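Open the structure in your viewer and keep the selection tool at hand. The tour goes from one stop to the next.

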Amino acid sequence: MNPAASALLLTAPPAVPLAAAALHAVAWRRAARGARVPGPAQWAGLLGPAAIVGCAAALASYVPGHGPVTAYGRLLRADGLSVWMLLVTGAVALLALAASPGYLAGERAAGHTDAAGTHRYYTLVHAFLAAMCVALLAANLGVVWVAIEATTIVTAFLVGHRTTRASVEAAWKYVVICSAGIALAFLGTVLIYYAARQAGISEASALDWPTLAAHAGRLDPAVTRLGTALVVLGFGAKAGLVPLHAWLPDAHSQAPAPVSALMSGVLLAVSFTALLRYKAVADTALGAGYTRGLLATVALVTLALSAVLLLAQRDYKRMLAYSSMEHMSVIALGAAIGGPVAMPAALLHVAGHGLAKTVAFCSAGHILRLRETTRVGRVRGLLAQSPALGAVFGLAVVALLGLPPFSLFASEVGIVRGGFTGGLGWAVSLALALVLFAFAALGYRTGRMVLGPPVAAAGPPQALGVTSAVPLVAGLLACAALGTALGPLSHLLTAAATTVGGR
């Protein structure tokens, strides 16, 4: 690939959303001053995600067969893992931003936002997308850390979008806990940098991921071991893993529904992708046993906690948030197992979870507007009152439960197979028992919401609008398609897994 094409394909994913954020910021400022500013067109918010998907598709056709693409003196780099995650990010963002106009229209009708709030929302969402793309495409681990921290700053304002007491409290909790986590990740990155410098790697390349991966065998084991543990704790906080997970249910339950979809569907996965970069270095420096034990322990503890909390949950948005913890622990277990079966399955799980959880959260936003409550006990008979909404929400939860034909079924089977063949059968057996508890809790509560007669105050049947239904149905179809045939994506998935040890 020629340098100009490489530069374009690696620059556009963060640059287009950033340009959109700048345009909305100008409109936000004008609207805040009282000037009449036209609302954004229905399709305008899709330009950023479309650019991400388009560039990722072009890179996906090249990288598996020809190797990584770099630009700007290797400052930006796209390998199989970057491209896979870029595709997932763009696809989830397309669905979430396609659902945003309907969500914001409901917010404006209810008096929860205005023209300035609408443009503030789009400014922050596009800046959020740009930061995630930088985190995926940066070759320097220091830049990755900065980009992940930028997502914390931007999404904190999105969590507090409604400026209610609950949302502001959730935003502060999110900032405090994730800042503590990101500080641990920073300290871990400093230790890796120190180990690289002590190993004779130049200052300019000491945090360059390909250089570190190539010379990881020269790193000091003791320093690398401590640095890796801190990174797992730090980036694990942003990925929803214990012990710094407590921000997740509050933030996801208070954020606007499409933002919850983005945070759950891709922010957690992007943070975990950063963790995988360090894992690849640590596996060479220390052997695979260290990170395997660390990730397996964190995954099982997170899975146990999320299963217990799901059993006791009475709020459906928080229920979906705890479900995200459950699925991130499954992904972490797949990464701990590694190998040519479990690692591709873990990355496939990232995509399936992102699509299904986006549909679930966006559906939850419509349920909140329809019933004006997030309490599970006050939502009954969704299929009777709004057949399309009840069906979409129910199918999204079916996908999250890991039932066929959705891709989460195939990915979980792959992780289980990889665990039993890779020497972690005990961990997989324990995980299966815990997943069964989560399955029962999520299935039981969703069944009560969707089935049966509606509550007396529910009102007459209501239809889900076409513009609102299209992105939800598209997300379910994409998740089902991934579960039945990967097609041309199979080579990319293999390349992505190989990048971080899926050999």
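This is a predicted model. Begin with the lining of the largest pocket: its residues divide into 11 nonpolar, nine polar and 10 charged.

**Stop 1: the largest pocket.** Select Arg162, Ser253, Lys317, Leu368 and Thr374. Of the 30 lining residues, these lie nearest the centre of the pocket. The space inside comes to about 620 Å³.

Which helices supply at least two residues each to this lining? Colour α4 (80–109), α7 (165–198) and α10 (247–254).

**Stop 2: Arg277.** Stay with α11, which covers residues 257–286, and pick out Arg277 within that helix. Is Arg277 buried or exposed? Its relative accessibility is 9%, so Arg277 counts as buried, because buried means under 20%.

Now show the side chain of Ser82. A polar contact of 2.8 Å joins it to the side chain of Arg277.

Finish at the N-terminal end of α6. What caps it? Zoom in on Asn140: one of its side-chain oxygens lies 2.7 Å from the backbone nitrogen of Gly142.

Notes:
Residues are numbered from 1 along each chain as its sequence is written. This is a predicted model: local features need pLDDT of at least 70, side-chain atom pairs count only at pLDDT 80 or more; totals for chains, interfaces and linings use all residues. Side-chain values use heavy atoms; hydrogens and water are left out. Helices (H or I, at least four residues) and strands (E, at least two) are DSSP runs, numbered from the N terminus. Buried means under 20% relative accessible area, exposed over 50%, partly exposed in between (1.4 Å probe, protein chains only). A polar contact is a pair of N or O atoms within 3.5 Å; within protein, one must be able to donate a hydrogen and the other to accept it, and residues adjacent in sequence count only if both atoms are side-chain atoms. On a 1 Å grid over the protein atoms alone, a cavity is a set of points where a 1.4 Å probe fits but cannot get out, and a pocket is an open set with protein on both sides within 12 Å along at least five of seven lines; lining residues have an atom within 4 Å of a point. Grid points are joined across faces, edges and corners, and a volume is the space filled by probe spheres set on the points. Ala, Val, Leu, Ile, Met, Phe, Trp, Tyr, Cys and Pro count as nonpolar, Asp, Glu, Lys and Arg as charged, and the others, Gly among them, as polar.
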